Amino acid sequence: MNNPASPDGTLPKPQKLSLSTKLAYGAGDLGPAITANILAVFLLIFFTNVAGLPPGIAGSILLISKIWDAINDPIIGWLSDRTNSRWGRRHPWMLFGAIPFGLFFFLQWVVPRFSDSPNTNYWGLFWYYIVVAFLFNNFYTAVNLPYTTLTAELTQDYDERTSLNSFRFAFSIGGSIFSLLLALAIFNLIRNDPTRQYLVLGGVCAVISVLPIYWCVWGTRERVQETERQRQETVDSSDSIPYFQQLKIAFSNRPFLYVIGIYLCSWLAVQNTVAVIPYFVKNWMGLTDQDFTQVVMAVQVTGLIMLFVWSAVSRQVGKKSVYFMGMTLWIIAEIGLFFLQPGQIKLMYFLAVLAGFGVATAYLIPWSMIPDVIELDELHTGQRREGIFYGFMVLLQKVALAIGLFLVGVALQYSGFISTTGGQAAPIQPQSALWAIRLLIGPIPIAILLLGLFLAYLYPITREVHAEILLQLQERKRANLERRKEGGGWDH
């Protein structure tokens with residue numbers, strides 16, 4: 001093995017990543033972003049307005065399917081930490097999980113008929129979508145969780161990680177925007193047949209989502225293999241610590257608790273807002289499916305542009321300050337949406353753009369913080385356990401999606417919202433349902449975002465603190481290399 005130390009015995013500074021590596025890494029989030037965005041924007045309204053499920057049952061499907069993810073995600077993270085192959089620890093999961101990931105995404109848009117009895121058919125659909133969601137979530141985790149851990153394996157540079165995440169979320173938001181453009185095209189091409197519209201949308205997105213995963217594996221494999229060799233030379237294996245003990249250590253890392261709190265609040269607000277936008281635009285503003293798709297697109301196009309703006313600003317003022325700026329603008333937008341009245345179309349799009357400023361920071365900042373937390377854990381334990389930490393981040397992303405959809409579904413159910421099946425005329429919703437929709441677009445996400453701001457204020461790892469962590473890690477690794485040369489043991 002090559003010695004990663006420089007001639008004077010110190011470890012070299014992390015190399016800058018090439019543009020091709022950053023592009024390949026970013027492409028790995030394209031498929032998960034397309035599928036996650038289509039599910040977040042359309043799945044609940046597909047259940048209530050096409051499959052004909054009551055909102056409470058529809059929202060429960062996503063929540064129940066995440067119970068398994070509470071066990072599944074950390075275990076796959078732990079298993080990927082222990083995987084040994086010529087492709088490294090993470091890439092085999094991405095290679096073999098990609099095709100089933102696409103297949104089970106498509107099956108979520110099929111509407112089988114189990115009985116002429118509405119009640120029997122409801123429960124048949126309920127169990128069908130539960131089983132498909134379980135299988136899809138398993139393969140989504142198998143692909144996406146090992147992918148997310150690549151951030152910490154590709155570079156240790158504080159600002160380079162922010163840049164790397166800019167590429168990742170450029171593909172992520174770009175994929176989300178593309179999925180909405182694709183939906184608009186399919187809705188315009190196939191008119192007055194929502195069942196077929198969603199079936200075609202699911203099939204096309206499934207195929208498009210699988211291919212970039214292989215680009216990511218191919219384009220990052222050399223860099224990951226290089227860092228994997230260095231890891232094996234300088235860091236002890238985590239195999240010696242039992243799984244539940246690893247969880248205990250991870251949750252004793254206070255900055256990690258702040259990061260997952262920030263992330264959960266950010267994404268719960270994102271998913272709650274995205275889930276209710278279709279109902280807000282159609283039922284409160286009196287507009288069409290195409291209109292609500294364009295509103296979501298306005299948010300995401302702005303978010304894509306602001307990713308690179310916030311990344312540059314972060315280099316000057318730090319991650320916490322950027323998070324505060326973005327969240328403040330987002331809260332202002334949510335207040336405006338709550339007071340928005342039918343007919344104020346231009347103001348609606350302005351508020352959507354303003355919300356995009358904040359949504360960009362919800363993508364960028366928590367994921368830029370997590371590698372710093374991993375290195376603090378390495379400093380305390382002498383081990384690298386990216387899979388454990390990223391496992392809970394991916395889990396929280398799914399939990400936020402599930403809770404957001406569940407809360408919207410339950411709120412609509414108890415407010416008297418009237419569901420329909422594909423092809424039926426849109427009913428006039430009661431005032432109680434319209435009031436619930438307005439509460440879900442404004443006050444509820446605002447409260448969640450304010451909690452996230454409080455947690456961000458408490459987050460302790462600044463650029464200076466991170467630099468000190470890396471310095472101490474460098475000293476430890478240098479000492480380990482010297483002991484290895486002398487035939488001594490490892491420093492824990």
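**Entry 1: Ile 418**

I looked up Ile 418 and found that it counts as partly exposed, because its relative accessibility is 37%. For this I took buried as under 20% relative accessible area, exposed as over 50% and partly exposed as in between, with a 1.4 Å probe and protein chains only. The model is predicted, so I kept in mind that local features need pLDDT of at least 70, that side-chain atom pairs count only at pLDDT 80 or more, and that totals for chains, interfaces and linings use all residues. I also noted that residues are numbered from 1 along each chain as its sequence is written, and that side-chain values use heavy atoms, with hydrogens and water left out.

Ile 418 sits in the loop between helix H13 (386-415) and H14. Helices here are DSSP runs of H or I with at least four residues, strands are runs of E with at least two, and both are numbered from the N terminus. Setting aside neighbours within four places in sequence, I found Ile 418 in contact with Pro 427, Ile 428, Gln 429 and Pro 430; contact means heavy atoms within 4.5 Å. I then checked Gly 52, which is 366 residues from Ile 418 in sequence, and read a C-alpha to C-alpha distance of 9.9 Å.

**Entry 2: the chain**

I counted 16 helices and zero strands. The chain has 492 residues, and 61% of them are buried. Of the contacts between residues at least 6 apart in sequence, 83% join residues at least 24 apart.

**Entry 3: H11 and its partners**

How do H9 and H11 pack? Helix H9 (residues 254-284) and helix H11 (residues 319-339) make an angle of about 30 degrees, and their axes are 13 Å apart. The axes are lines fitted to C-alpha atoms, for helices over the stretch in contact, and the angles run from 0 to 180 degrees between N-to-C directions. I therefore recorded H9 as roughly parallel to H11. The classes are roughly parallel under 35 degrees, roughly antiparallel over 145, roughly perpendicular from 65 to 115, and oblique for the rest. Residues of H9 including Ile 262, Ser 266 and Phe 280 meet residues of H11, among them Tyr 323 and Trp 330.

On H14 (residues 431-441), I read an angle with H11 of about 170 degrees and axes 8 Å apart. That makes H11 roughly antiparallel to H14. The contact involves Glu 334, Leu 337, Phe 338 and Phe 339 of H11, with Trp 435, Arg 438, Leu 439 and Ile 441 on the H14 side.

Asn 192 lies in the loop between helix H6 (158-189) and H7. Its relative accessible area is 78%, so I listed Asn 192 as exposed. Most residues other than glycine have a negative phi. Asn 192 is not a glycine, yet its phi is positive, at about 60 degrees.

Pro 194 is in helix H7 and counts as buried, at 18% relative accessibility. Its C-alpha atom is 8.8 Å from that of Asn 49, which is 145 residues away along the chain.

**Entry 4: Thr 220**

Is Thr 220 buried or exposed? I found 0% relative accessibility, so Thr 220 counts as buried. Thr 220 belongs to helix H7 (residues 194-234). Its side chain reaches the backbone oxygen of Cys 216 at 2.8 Å.

Terms used
Polar contact = N/O pair within 3.5 Å; in protein donor to acceptor, adjacent residues only side chain to side chain.
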